[in-house]
Amino acid sequence: TENSPASSSPRILAIANQKGGVGKTTTAINLSTALAAVGEKVLLIDLDPQGNASTGLGVSAASRGVTTYDVLSGDYRLEAAIAETDIPGLRLAPAGVDLAGAEIELIEAERRHFRLADAIEEYGETQTGGEISYILIDCPPSLSLLTINALAASDAVIIPLQCEFFALEGLSQIMRTIETVRTRINPSIELQGVVLTMHDRRNNLTNQVEEDVREHLKDKVYRTVIPRNVRISEAPSHGKPALLYDLKCPGSQAYIQLASEVIQRERARPRPKRELPIEY
Ligand code: ADP
Ligand code: MG
């Protein structure tokens, strides 16, 4: 039937780029919030030991109980880590600094690439249907075991890209990693899209890089670009997504637009046969 578990399983999107400071966490927070604002049920998984997504959503380090480290290490189920946020429809699995140690601790662990995938699958089995429609994963700034765990668990990747001099080199590196993951670990992983962040129309280099990236990746680059906007950078210190801090600012509006593009791409995706309603 239309309510089969297959059709209600969440879409899992990793927000990844091995470069730091390109807008991964900002995108994870604000895209999650924008998706929740249009009625999606969203879980944001913080997989960066810096825990910026957790702090940015108002979950202070002191108030974090079970974290994603405890989930990867196998001590707790994902369910135990999930906390409510102030945003209706948005839940968070926070990260703690101990996550930095997971890299080394997992090196010899069983199914070390699939710790997160296994935890998400187990979590899905406990859900009676459709509680979560999107899972977003905020990745650390590296192509480490943590990022591999995110890619192994994901249906698709969103790559935030800052339009600066070495942007294309950085982009080919993450694209190669996705390719490697596809051949060895997760054959169904796709690129959802590349989002240009901290964009400045008055800057010639920005415009040149944008042109190059669009020429290379065509419609894999979202039409929406995220402008450089001081309101976006102020929001985290208030423990709020930009959308709550200043809904009208150009950055917030851009993230709302991005969410609608992401949803459009998900809806346009060809469905596996088993998900078709029985009448077909
Ligand atoms: P990453 O997670 O890739 O390391 P962040 O999302 O933490 O990157 O962003 C790096 C810094 O840039 C942060 O201080 C953030 O507030 C700021 N920033 C991100 N996006 C924007 C934007 N559109 N306009 C202005 N500042 C931004
Ligand atoms: Mg980050």
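The model is a predicted one, in which local features need pLDDT of at least 70 and side-chain atom pairs count only at pLDDT 80 or more, while totals for chains, interfaces and linings use all residues. Residues are numbered from 1 along each chain as its sequence is written, and chains are lettered from A and ligands numbered from 1 in the order in which they are written.

Seven strands form an open sheet with mixed pairing, in the order S3-S4-S2-S5-S1-S6-S7. Its edge strands, each pairing on one side only, are S3 (83-84) and S7 (190-197). Helices (H or I, at least four residues) and strands (E, at least two) are DSSP runs, numbered from the N terminus, and two strands pair if DSSP finds at least two bridges between them. In general, the strands of a sheet pair through backbone hydrogen bonds, either parallel or antiparallel.

Several of these pairings can be followed one by one. Strand S2 (residues 42-46) runs parallel to strand S5 (residues 134-138), to which five bridges join it, and within this pairing Leu-43 has Ile-135 of S5 as its bridge partner. S5 also pairs with S1 in the parallel sense, over five bridges, and here the bridge partner of Leu-13 is Leu-136 in S5. Strand S1 (residues 11-15) has four of its five residues buried and is thus mostly covered; a residue is called buried if 20 or more other C-beta atoms lie within 10 Å of its own, exposed if 12 or fewer, and partly exposed in between, with C-beta atoms placed from the backbone. S1 is also joined by three bridges to strand S6 (residues 156-162), the two running parallel, and Leu-13 stands opposite Ala-156 in S6. S6 in turn pairs with S7 in the parallel sense over seven bridges, where Pro-160 has Val-195 of S7 as its bridge partner. Although S7 is an edge strand, S7 is mostly covered, with six of its eight residues buried.

Leaving aside residues up to four places away in sequence, Ala-150 touches Ala-14, Ala-16, Leu-47, Leu-116, Ile-137 and Cys-139, where contact requires that the C-beta atoms of two residues, placed from the backbone, lie within 7 Å.

The next stop is the ligand. There are 18 residues around ligand 1, and Lys-24, Thr-25, Thr-26, Ile-232 and Ser-233 come nearest; a residue is near a molecule or strand if its C-beta atom, placed from the backbone, lies within 6 Å of it. The shell divides into six nonpolar, 10 polar and two charged residues, where Ala, Val, Leu, Ile, Met, Phe, Trp, Tyr, Cys and Pro count as nonpolar, Asp, Glu, Lys and Arg as charged, and the others, Gly among them, as polar. Helix H2 (24-37) and helix H11 (230-234) each supply at least two residues of this shell, and the largest share, three residues, comes from H2.

The 14 residues of H2 should span 20 Å at 1.5 Å a residue, and the end C-alpha atoms are 20 Å apart, which agrees; the expected span of a helix is 1.5 Å times one less than its number of residues. H2 is followed by Gly-39, whose phi is positive, near 100°.

Some single residues complete the picture. Met-198, in the loop between S7 and H10, has a positive phi of about 45° although it is not a glycine, and Met-198 counts as buried because it has 23 C-beta neighbours inside 10 Å. Lys-218, found in the loop between H10 and H11, likewise has a positive phi of about 45° without being a glycine, but Lys-218 counts as exposed, with 8 C-beta neighbours inside 10 Å. Ile-104 is found in helix H6 (residues 99-105) and counts as exposed, with 9 C-beta neighbours inside 10 Å.
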